[in-house]
Amino acid sequence: MSTTAIPTNTKWWNGGRSPFNASYGKVMMWYFLMSDAFTFGAFLISYGTIRFSVNDWADPNHVFNSFPLAGHANLPLAFVSLMTFILIFSSVTMVLAVHEGHNMNRKGVEKYMILTILGGLAFLGCQAWEWTHLLTGEHIALLKDGTLSVLPTTVKSNPWGSPVAHDAMLAALQTTPHDQLVSIASTLHHSAEAGVHHDLSTVSNAELINTIKAANIEVSNVGRPAFGSYFFGITGFHGFHVFSGVVINVVMYAKTKMGHFDQRGHYEMIEKAGLYWHFVDLVWVFVFLCFYLI
């Protein structure tokens, strides 16, 4: 009967070689990213289920057609395309930072980490402008009671429903209360040419209606409130990840500046931060597809 000899002082729980040929920190980062991907996937699947279960939904070409300092020019998806370019460019600079880390070039890592941080901050600034534009925007919608009102885009109100016919809009003007007519007239662009008075509260309904008619406004039905809930919820969740990534990158830049990674003899922490940043960029591709293109 053969027996197996067991060496003395064997450490049974010492572990062996990593099955992924990667460090513990990298493996744990991949596990975290996988779990986070499931969360984003659940959100986007939920959005897609609601989006394609109805026939009417907000048209992204109308919702996202503004650009900073461009006035009222109709530029569908131009601004969000700029946001996407900024985020993708920051992913390229992060790749270069990781490459410089492999070469133990501290100055190179510092340079590209700064560019990555600036890219993240620029993206967050663009998203803040987009949110502000939607939350404070003045869009005219036909309410369920048959009157017109100015509505912003929030988690509860959605002025981006189906377009209202011109005759229906004219009929709704006749039943719209005075204060709502004042709000609508106040939103008209180029008010000086349209003959809008500064104190609109004293203007009669007939004058306000004529002013609004002359402006040839576009009116939509009230859309489904789920649009705002999903948009602000998912893009806000992604924005939080971008903000977290910027904070992580700032910490990595500071540790690089202080020479911590040179003392360790490797820049693996930069690579781990890079994995997180690339994940944030990849998620944005799916968010961009779901909200802005479909």
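Trainee: In which sense do S1 and strand S2 pair, and over how many bridges?

Mentor: Bearing in mind that this is a predicted model, strand S1 (residues 139-142) and strand S2 (residues 148-151) pair in the antiparallel sense, over four bridges. One of the residues to look for is Ala 141, whose bridge partner in S2 is Ser 149. The hairpin of S1 and S2 has five residues between the strands, and Gly 146 there takes a positive phi near 85°.

Trainee: Which strands form the sheet, and in what order?

Mentor: The sheet is an open one of three strands in the order S2-S1-S3, with mixed pairing. S2 and S3 are the edge strands, each of them pairing on one side only. S1 and S3 run parallel and are joined by two bridges; on the S3 side, Ala 141 has Ser 220 as its bridge partner, while the partner of Leu 142 is Asn 221.

Trainee: Which way do the residues of strand S1 point, and are they buried or exposed?

Mentor: The general idea is that side chains in a regular strand alternate between the two faces of the sheet. In strand S1, His 139 and Ala 141 point one way, whereas Ile 140 and Leu 142 point the other way, and all are buried. As for what lies over these strands, helix H6 (residues 178-186) lies across S1 and S2 and runs at about 50° to S2.

Trainee: How are two packed helices described, and at what angle do the axes of H5 and H8 cross?

Mentor: Packed helices are described by the angle between their axes together with the distance between those axes. For helix H5 (residues 166-175) and helix H8 (residues 205-215), the axes come within 10 Å and cross at roughly 160°, so H5 and H8 are roughly antiparallel to each other. Their crossing is right-handed.

Trainee: Which residues of H5 and H8 meet?

Mentor: From H5 you will find Leu 170, Leu 173 and Gln 174, and these meet Ile 209, Ile 212 and Lys 213 of H8. Sorted by class, this contact of H5 with H8 has four nonpolar residues, one polar and one charged.

Trainee: Where does Arg 224 lie, and what does Arg 224 touch?

Mentor: Arg 224 lies in the loop between strand S3 (220-221) and helix H9 (226-257), and its relative accessibility is 36%, so Arg 224 counts as partly exposed. Leaving aside residues up to four places away in sequence, Arg 224 touches Val 54, Asp 56, Trp 57 and Asn 158. Sequence separation and spatial separation can be read side by side here: Arg 224 and Pro 159 are 65 residues apart in sequence, and 8.6 Å apart in space, C-alpha to C-alpha.

Definitions and conventions. Residues are numbered from 1 along each chain as its sequence is written. This is a predicted model: local features need pLDDT of at least 70, side-chain atom pairs count only at pLDDT 80 or more; totals for chains, interfaces and linings use all residues. Side-chain values use heavy atoms; hydrogens and water are left out. Axes are lines fitted to C-alpha atoms, for helices over the stretch in contact, and angles run from 0 to 180 degrees between N-to-C directions. Angles under 35 degrees count as roughly parallel, over 145 as roughly antiparallel, 65 to 115 as roughly perpendicular and the rest as oblique. A crossing is left-handed if the near helix is turned anticlockwise from the far one by less than a right angle, and right-handed if clockwise. Contact means heavy atoms within 4.5 Å. Ala, Val, Leu, Ile, Met, Phe, Trp, Tyr, Cys and Pro count as nonpolar, Asp, Glu, Lys and Arg as charged, and the others, Gly among them, as polar. Buried means under 20% relative accessible area, exposed over 50%, partly exposed in between (1.4 Å probe, protein chains only). Two strands pair if DSSP finds at least two bridges between them.
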